[in-house]
Amino acid sequence: MQVPVWVMAGSAGLAGGLAVARDHGARRARVLAARGREEPWGPAAWTAARALLAERREWLCAPVAALLAVLGESVLPLLAGAVAVPLVKRWLRRRARRRSSEEAADSVTALCGAVVGELRAGREPGQALLAAARNFGALGTAEPAVLAAARFGGDVAGALRQAALGPGLDGLAGMAACWRVAVDGGAGLAAGLARLESALRGERRRREELRAQLAGAWSTVVVLALLPVLGLGLGAALGADPLRVLLHSPGGLVCLVTGGLLETAGLLWASRIVRAGEAA
């Protein structure tokens, strides 16, 4: 029994390593070019390795599962690791999208401030938008349409509303409204954008304050998630061999499945409560 477990554990660890190292053609070309310029294990190679590892962090579950399989002499950790890889990948993608959305919102706020500065410096609205957009990627995939409208006298407000459909770019809808009012009614565009920038900065400040208030709740969730691991470590320190009991006895398997389901349900429930507070 022990030899197949070692073989499967080693295969899982090797598969995880290959998945982390796997790359597309463009990134591989950059890595090879960097290695051609410097030593095989020089700074560029280590930087490329860290970048690959950061992009495929979900595959770190494979070596951990392989280690548990070796320690427990069972294939069940390998199966759990195979299930954990897509779940962790989905969580990392959702976290990356959220971070990207917040960065886009901050870019919109900075764009409003830059346009206000250009307008107060004496530039026309279209020229001010063109000058400010060079330093901020706040227009998303609709940036060419917005810049073309600003350069050739097109419907800038409509292009901004279209760009506001991107994630985190809701502030561009307010910018489009200010632009429409300034064009149709002759109102001051700089004053409207300044108020919009102030409102967006206030919203960001409230979001950061709420996140700081919920940091304690998230810490509690993390501690609850780590308690079973600490229990297993304490049992192993006392010589009880909890992995053998959980993985090689009927009662242990029942406790493992039941505890895993309760742990998952508790984490989902606690995360839902905290996210409801964030949404509010």
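Modeller: Let's start with a term: helices are DSSP runs of H or I with at least four residues, strands are runs of E with at least two, and both are numbered from the N terminus. This is a predicted model, where local features need pLDDT of at least 70 and side-chain atom pairs count only at pLDDT 80 or more, while totals for chains, interfaces and linings use all residues. Residues are numbered from 1 along each chain as its sequence is written, and side-chain values use heavy atoms, with hydrogens and water left out.

Colleague: How many helices and strands does the protein chain have?

Modeller: The protein chain has 12 helices and zero strands.

Colleague: And what share of the residues is buried?

Modeller: Of the 280 residues, 30% are buried. Buried means under 20% relative accessible area, exposed means over 50%, and partly exposed is in between (1.4 Å probe, protein chains only).

Colleague: OK, on to D241. Where does D241 lie?

Modeller: D241 sits in the loop between α10 and α11 (242-248). Its phi is near 55 degrees, a positive value in a residue other than glycine.

Colleague: What about E73, where is that?

Modeller: E73 is in the loop between α4 and α5 (76-120). E73 has a positive phi of about 55 degrees although it is not a glycine, and its relative accessible area is 24%, so E73 is partly exposed.

Colleague: Which residues of α4 are buried?

Modeller: The buried ones in α4 are C61, A62, A65, A66, A69, V70 and G72.

Colleague: Now α10. How many residues does α10 have, and how far does α10 reach?

Modeller: α10 has 49 residues and reaches 69 Å from its first C-alpha to its last, close to the 72 Å expected at 1.5 Å a residue. That expected span is 1.5 Å times one less than the number of residues.

Colleague: Where is the kink in α10 centred?

Modeller: On L214, and the kink is about 40 degrees. The bend at a residue is the angle between axes fitted to the seven residues ending there and the seven starting there. L214 is also one of the buried residues in α10.

Colleague: What does V274 touch, leaving aside its neighbours within four places in sequence?

Modeller: V274 is in contact with L214, A217, W218 and V221, where contact means heavy atoms within 4.5 Å. V274 belongs to helix α12 (residues 250-279), and at 7% relative accessibility V274 counts as buried. V274 and V221 are 53 residues apart in sequence and 9.2 Å apart in space, C-alpha to C-alpha.

Colleague: And L210, buried or partly exposed?

Modeller: Partly exposed, because its relative accessible area is 25%. L210 is in helix α10 (residues 189-237) and, beyond neighbours within four places in sequence, contacts G277 and E278.

Colleague: Last topic: which residues of α6 and α7 meet?

Modeller: G126, L129, L130 and A133 in α6 meet E143, V146, L147, A150 and R151 in α7. By class, that contact has six nonpolar, one polar and two charged residues. Ala, Val, Leu, Ile, Met, Phe, Trp, Tyr, Cys and Pro count as nonpolar, Asp, Glu, Lys and Arg as charged, and the others, Gly among them, as polar.
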